[in-house]
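Dear colleague,

Please find the structure below, handed over for your use. My findings follow it.

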Amino acid sequence: WMRRGGVGAAVRSVTYVAAMLSARAAIFGGGSLFGANASLSFAKLIVRLGRRLSKPVAALGVSVGPFASAERRSAFEAVLRDIPYVAVRDEASVRLVAEVTGSAPVNLRDLAFALPAIYTPKRRPSDRRTLIVSIHLRQYTDAVLAILAYVDSQRLVDEVLFVSLDEESVA
């Protein structure tokens with residue numbers, strides 16, 4: 001539900017509460033869920049519901065930061081301290097989480113690159129295999145280059161297409 005305003009927020013909140021009631025755990029997965037454009041209210045809701053309902057909450061393969069202000073960083077730090085299981089996707093996030101929690105999280109890198117191990121699309125042999133890459137932060141560049149070298153050495157794709165999804169992406 002993408003409706004803006006109070007009605008949209010209320011409907012989304014009810015949906016999240018219903019999901020948490022039926023779930024055994026809540027996992028924040030991938031991407032910039034703890035950064036500049038992330039929903040702080042969503043993160044707080046899920047963490048608080050998890051605590052109240054005695055459901056474990058984890059963050060898996062997330063980026064933490066960058067933050068637009070010290071206040072926003074402080075608010076997300078409070079949320080992170082309440083999540084007992086955190087694994088990140090970049091070295092900048094490792095440093096930030098270690099600074100906040102006192103414990104360095106595991107760096108899983110970008111989980112999107114694990115997709116070929118768990119999902120194989122149905123395709124015809126004549127179809128070209130194109131890997132589309134968008135690097136959101138410069139800190140990811142070394143990891144992406146290492147992965148691309150492996151992909152190339154195994155001849156897993158026919159072409160690589162680099163795209164920029166926003167003004168901040170490195171393309």
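Predicted model: local features only at pLDDT ≥ 70, side-chain atom pairs only at ≥ 80, totals over all residues.

Three elements, namely α1 (5–22), β1 (26–34) and α2 (40–52), each contribute at least two residues to its lining. Sorted by class, the lining of the second largest pocket comprises eight nonpolar residues, four polar residues and one charged residue.

I turn next to the sheet. Strands of a sheet pair through backbone hydrogen bonds, either parallel or antiparallel. Here, four strands form an open sheet in the order β1-β2-β3-β4, and their pairing is parallel. Strands β1 and β4 are at the edges, each pairing on one side only. Helix α4 packs on this sheet and touches β2, β3 and β4. The direction of α4 makes an angle of about 125° with that of β2.

The individual pairings may be of use when you inspect the model. Strand β2, which covers residues 57–64, runs parallel to strand β3, residues 85–88, and four bridges join the two. Between β2 and β3, the chain passes through helix α3 (residues 70–81), and this β-α-β crossover is right-handed. Within β3, Tyr-85 is the residue opposite Ala-58, while Ala-87 is the residue opposite Leu-60.

Ala-87 also has a bridge partner in β4, namely Val-106. Strand β4 consists of residues 106–107; two bridges join β3 to β4, and these strands run parallel. On the way from β3 to β4, the chain crosses through helix α4 (residues 91–101), again in a right-handed β-α-β crossover.

Finally, two points of backbone geometry deserve a look. Most residues other than glycine have a negative phi, and most peptide bonds are trans. Against that background, which peptide bond is cis? The bond from Gly-65 to Pro-66 is cis, and its omega is near -10°. Pro-66 is located in the loop between β2 and α3. The other point concerns Ser-54, which has a positive phi of about 55° although it is not a glycine. Ser-54 belongs to the loop between α2 and β2.

With kind regards

Definitions and conventions: Residues numbered from 1 in each chain as written. Heavy atoms only, no water. Pairing = 2+ DSSP bridges. Right-handed = clockwise from strand over helix to strand, strands pointing away. Nonpolar A, V, L, I, M, F, W, Y, C, P; charged D, E, K, R; others polar. Contact = heavy atoms within 4.5 Å. Axes fitted to C-alpha atoms, helices over the stretch in contact; angles between N-to-C directions.
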